[in-house]
Amino acid sequence: MMIKKAWCENYVSMSESIDLTGDGGVIKTILRHAKPDAAGPTENLPLVDVHYEGVLAETGEVFDTTHEDNSIFSFEVGTGAVIKAWDVALKTMKVGEIARLTCKPEYAYGSAGSPPDIPPDATLIFEVELIACRPRKGSSLDSVSDERARLEELKKQREMAAAVKEEEKKKREEAKAAAAARVQAKLSGKKGPGKGKGKAK
């Protein structure tokens with residue numbers, strides 16, 4: 001079941017948009033810049049790992065995402081393994097960058113669509129984070145050290161975020177239990193001793 005996505009308009013307005021194809025077919029809006037020395041996909045590092053979320057531009061419905069299960073999507077850039085818009089856009093990205101890609105149908109799924117989630121002639125919006133670039137399997141090249149460090153940092157951030165959420169949940173439960181105990185104490189304090197049946201004659 002698809003859900004609707006509310007985009008942050010203020011965030012978009014502060015970002016820069018680039019027409020990657022010259023015909024408005026793929027518009028890239030940078031939401032977070034990578035570090036100046038970050039690596040990007042190359043002939044030697046063609047495999048990429050990404051997080052993403054895809055939305056139908058017309059309805060705002062999310063049709064696909066890696067965020068629900070925190071999974072990573074991997075593919076080789078420039079081989080046609082993904083829609084044309086992604087091959088075009090990922091070549092321009094750097095590790096650590098987050099970009100919004102607005103993709104016209106001719107650079108996405110065209111007149112055929114991708115039933116049942118993507119109708120014919122649909123304009124799609126993706127929010128993509130480039131996590132890493134890697135060499136092909138069996139290549140003598142190792143992954144760039146900065147990319148490995150980036151992955152480790154992302155892992156630590158996710159673990160820290162999870163720990164914070166767990167701690168907040170624990171505090172809420174403790175506060176709820178304490179409030180219940182106070183209410184119970186007040187109720188117990190209001191109950192006086194039972195009335196006697198009167199003095200025996």
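At 8% relative accessibility, Asp49 counts as buried, where buried means under 20% relative accessible area, exposed over 50% and partly exposed in between, with a 1.4 Å probe and protein chains only. The structure described here is a predicted model, in which local features need pLDDT of at least 70 and side-chain atom pairs count only at pLDDT 80 or more, while totals for chains, interfaces and linings use all residues. Residues are numbered from 1 along each chain as its sequence is written, and side-chain values use heavy atoms, with hydrogens and water left out.

The side chain of Asp49 meets that of Arg134 in a salt bridge, at 2.9 Å from N to O; a salt bridge is defined as a side-chain nitrogen of Lys or Arg within 4 Å of a carboxyl oxygen of Asp or Glu. This pair links distant parts of the chain, with Asp49 in strand S4 (residues 47-56) and Arg134 in strand S8 (residues 124-134), 85 residues apart. Arg134 counts as partly exposed, at 26% relative accessibility, whereas Asp49 is buried.

The secondary structure of the protein chain comes to 3 helices and 8 strands. Helices (H or I, at least four residues) and strands (E, at least two) are DSSP runs, numbered from the N terminus. From the N terminus on, the order of the elements is β-α-β-β-β-β-β-α-β-β-α. The protein chain has 201 residues, of which 34% count as buried.

In total, the structure holds 5 salt bridges. One of them joins the side chains of Lys28 and Glu97, with 2.8 Å from N to O. Here too, distant parts of the chain are linked: Lys28 is in strand S3 (residues 26-32) and Glu97 is in the loop between helix H2 (84-90) and strand S7 (98-103), 69 residues apart. Lys28 is buried, with a relative accessible area of 3%, and Glu97 is buried as well, with a relative accessible area of 5%.

Another salt bridge is formed by the side chains of Arg136 and Glu76, at 2.8 Å from N to O. Arg136 is in the loop between S8 and H3, and Glu76 is in strand S6 (residues 73-76); the two are 60 residues apart, and the pair links distant parts of the chain. Arg136 is partly exposed, with a relative accessible area of 41%.

Strand S4 also contains Glu53. Glu53 is buried, at a relative accessible area of 12%. Between Glu53 and Glu129 there are 9.4 Å in space, C-alpha to C-alpha, and the two are 76 residues apart in sequence.

Two residues of helix H3 were examined. Leu154 has its place in helix H3 and is buried, with a relative accessible area of 7%. The C-alpha atom of Leu154 is separated by 8.5 Å from that of Ile131, which is 23 residues away along the chain. Glu167 also lies in helix H3, which spans residues 145-190, but Glu167 is partly exposed, with a relative accessible area of 38%.

Glu167 belongs to a patch of negative charge on the surface, in which Glu166, Glu167, Glu168, Glu173 and Glu174 gather. Patches are made of residues with over 30% relative accessible area and no salt bridge; like charges are joined within 9 Å, and nonpolar side chains (Val, Leu, Ile, Met, Phe, Trp, Tyr) within 5 Å. Accessible areas come from the Shrake-Rupley method with a 1.4 Å probe, and for residues only the protein chains shown count as cover. Lys and Arg count as positive and Asp and Glu as negative, while His and the chain ends are not counted. The place of a charge is taken as NZ of Lys, CZ of Arg, CG of Asp or CD of Glu.

The structure holds 0 disulfides, a disulfide being a pair of cysteine sulfur atoms within 2.5 Å. Cys103 is buried, with a relative accessible area of 0%, and Cys133 likewise counts as buried at 0% relative accessibility.

Some features of the backbone concern the loops. A cis peptide bond joins Pro115 and Pro116, with omega about 5°, and Pro116 lies in the loop between S7 and S8. Asp121 is found in the loop between S7 and S8; phi of Asp121 is near 55°, a positive value in a residue other than glycine. Asp121 counts as exposed, at 53% relative accessibility. For Asn70, phi is near 55°, again positive in a residue other than glycine. Asn70 is found in the loop between strand S5 (61-65) and S6, and at 40% relative accessibility Asn70 counts as partly exposed.
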